[in-house]
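Dear colleague,

Please find the structure we spoke about below, followed by my notes on what turned up in it. I would be glad if you read the two side by side.

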Amino acid sequence: MLVGFVFVCVPQNEEKRNLSLGGHVGFDSLPDQLVSKSVTQGFCFNILCVGETGIGKSTLMNTLFNTMFENEEASHYQNGVYLRPRTYDLQESNVHLKLTIVDTVGFGDQINKEDSYKPIVDYIDTQFENYLQEELKIKRSLFNYHDTRIHICLYFIAPTGHSLKSLDLVTMKKLDSKVNIIPIIAKADTISKSELHKFKIKIMSELVSNGVQIYQFPTDDEAVSEINASMNAHLPFAVVGSVEEVKVGNKTVRARQYPWGVVQVENESHCDFVKLREMLIRVNMEDLREQTHARHYELYRRCKLEEMGFKDTDPDSQPFSLQETYEAKRKEFLGDLQRKEEEMRQMFVNKVKETEAELKEKRERSLHDKFEQLKRMHQEEKRKVEEKRRDLEEEMNAFNRKKVAAETLSLSQPLKKDKDKKNRSVKTENQSAVSASSSKVMMAKANVEPLNCQSWWQAIQCCTCLVHNAAWKPGGLF
Amino acid sequence: MIQRKVTDFYECEAVTREHLAILSQLFFRLPEKQYVGFATLPNQVHRKSVKKGFDFTLMVAGESGMGKSTLVNSLFLTDLYKDRKLLNAEERINQTVEIIKHTVDIEEKGVKLKLTIVDTPGFGDAVNNNECWKPITDYIDQQFEQYFRDESGLNRKNIQDNRVHCCLYFIPPFGHGLRPVDVEFMKALHEKVNIIPLIAKADCLTPNEIKKLKDRIREEIDKFGIKVYQFPECDSDEDEEFKQLDKELKECTPFAVIGSNTVVEARGQRVRGRLYPWGIVEVENQSHCDFVKLRNMLIRSHMHDLKDVTCDVHYENYRAQCIQEMTSKLAQDNRMESPIPILPLSTPDVETEKLIKMKDEELKRMQEMLNKMQQQMHDKDQ
């Protein structure tokens, strides 16, 4: 039989010995001192409620804390998810609680829900970041700091009776390393007992098989380990919320009234509301805060600092001061920033110059084009006007000629002989012609055949003989 | 003329009676001659239809877990979904919508019904549900197209009517009204199929909440212009009771339904219902839910109207659109063969109209430019 020896290496100078006390010293009042200190300070608790619109988040909060937080109904048509934190001051006996309830508005309403988890993760990270900043300050006041880190995330699962929704799985996976998650089945008065049992098993198996870490109630403290262990087996809690009071028997309880019965909120056989309240508020609130600080916040802090390039020991294996490194990093960062600014300014100036030059060129060109165009148009118009003028002049001339011809009709007789042939041809053509066409012929002839006359008098006479032999109808040339 | 020697008082009476009988026959034969007999037509229709049998295609759509299968089983009192495999959440992250058809033949009092249920698993289940209704609209169009082809074919004896006559859309009761995915789905389908919206799992709502939700949903349906199935107006000569029932029916939409296939014992009777620690929900109890109204409307009174609206309105719209597209395509392609006779279109070609408009605008612009330049020249001259 082998007996294992355990050697405990203890540095020489330190020896832990257990001593017994001779009398009552009094340091057993330490917890009380702590308690009275924290009571004076007041407590702070932050709850994040994640769930679809209308699933009963606000009602459950009202039921849990037995009060009416003002809340308007959210609409289904938000463009994205946004978080709405509200802080309330509650008091019970002489204990003050600063309660912050963060609601996710618009969760699960969009058609494309791939980015729905991002605002939630960002919010949680921001709260951690704020705390980290406060911690890293030179002059800090942590005892006065209003801690906004989320201590608990209640994830509301829709009571379909089958399994988790795909959105639920994706979101919980993203949140499980940042916050304590307690999944609860909302509106549980729509699932019968047998269905509920199957549903719970299915949900837990899905969470386990996908590696989602939900909050386990601590079982290391003997005072509460038993109750916590039994509660762990009841997860996820199937809750019903109500602020309306209904008379049942001779008591008035919070319940929901249906035609077929009354669902009492605080009846353990109806739903798990009482269990949730016990676990969340009465037993484990402090543990939740501790877990948030010790586990989730520390994880965030470590990741963040590693990102910034800090290590626990520097290359020479000397423990290094955070402050020094921080200052060095900061300087470097500022230097970078300045350089970038300069670059951007330079780029901007260059761009402005370029654009100016471009614009100028463009403007010049366009003006030049316009000028050319106008010049062309002007010439075009001029030409047209010239043509018109010529036409008008010709008309005038023709008209004058005719006028004169008409006046001097009697003088045309002796000149008929040499123009007869021409006239006859014209006559045969224009035997039945209207005056207009014959005058046109005359015009044509006047234009095409240069008159074989030396002087204008003769020209007129030629024309007049033509006129005389044509059929002249009163009433007009054209 | 009957000549008889009246020998006796009794004989005389008999003769008078005989005379009377003959006379009465003469008088009463006239209306008999006017009876044509087409009042038996409804009976003939009834007989023929019973012999032919009926068919009905019902589509159910909605997220999973809304109780669609349970409701269908409750409606038709059969077990359609025997071996169903439900997917895990992980598998559903990127799920696409499938279309699954179940066909059963059921018979009641000699009337045969071929019932087809078209199921749409995967609708609204994925994380990204963009256009998740596309497979559904494609399916409906496909059925219309197939019927269109059959109808225009040469052998029309055995046309199988697979067109979807009605779509039951399940709205979750957990929200405050319609969600964007509900609105988009209904808008994509309201011109292709008769949509009947239902509030699913209504046993999580108290009567007040049901009323509020119904009002909200009706309001939003109006706001978004969704055309759900409207019950036909009843004739003015129907009796008051019928009209009252009809009015109640119309005010009750959308129906808040609960489904169950398990039988429980309530008030000494065995009824279909759901057993809770605080009470028993009876599916067929009118004060518990609107299941009875839905069943009566869907099966007992309006089944044929649903089929008619599908044939006369939705299918005709599809057909007209299809033909118009085909003719405009033919005009462009100039192809000669087509199995369908080309109908003359009253609307002019859209393309030429567009060109004309463009040219008009160009001309206008040039005119303006010319005016401007003339003005400028005029200014220069002055």
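Chain B holds ten helices and nine strands, where helices (H or I, at least four residues) and strands (E, at least two) are DSSP runs numbered from the N terminus. Please bear in mind that this is a predicted model, in which local features need pLDDT of at least 70 and side-chain atom pairs count only at pLDDT 80 or more, while totals for chains, interfaces and linings use all residues. Residues are numbered from 1 along each chain as its sequence is written, chains are lettered from A and ligands numbered from 1 in the order in which they are written, and side-chain values use heavy atoms, with hydrogens and water left out.

Of the 382 residues of chain B, 39% count as buried, a term that stands for under 20% relative accessible area, with exposed meaning over 50% and partly exposed lying in between (1.4 Å probe, protein chains only). Among contacts (heavy atoms within 4.5 Å) in chain B between residues at least 6 apart in sequence, 66% join residues at least 24 apart.

Now to the sheets. In chain B, six strands form an open sheet with mixed pairing, in the order β2-β3-β1-β4-β5-β6; two strands are taken to pair if DSSP finds at least two bridges between them. β2 (100–108) and β6 (255–256) of chain B each have a single partner strand, so one side of each is left without a neighbour in the sheet. Within this sheet, β1 (residues 54–61) and β3 (residues 111–119) of chain B run parallel and are joined over seven bridges, and Thr57(B) has Thr116(B) as its bridge partner in β3(B).

Thr57(B) is also one of the residues in contact with Asn162(B), together with Lys101(B), Gln143(B) and Gln146(B), once neighbours within four places in sequence are left aside. Asn162(B) sits in the loop between α4 (134–152) and β4 (166–171) of chain B, and is buried, with a relative accessible area of 14%.

Chain A also has an open sheet of six strands with mixed pairing, in the order β2-β3-β1-β4-β5-β6, and its edge strands, β2 (82–92) and β6 (237–238), each pair on one side only. Here β2(A) pairs with β3 (residues 95–105) of chain A in the antiparallel sense over eleven bridges, and Tyr82(A) has Val105(A) as its bridge partner in β3(A).

Finally, the interface: 58 residues of chain B and 51 residues of chain A take part in the contact. About 4,700 Å² is buried between the two chains, 57% of it on carbon and sulfur atoms, buried area being the accessible area (1.4 Å probe) that two parts lose on being put together, summed over both. Three salt bridges are found across the interface of chain B and chain A, each defined as a side-chain nitrogen of Lys or Arg within 4 Å of a carboxyl oxygen of Asp or Glu. Arg256(A) and Glu209(B) meet through their side chains in a salt bridge, at 2.7 Å from N to O.
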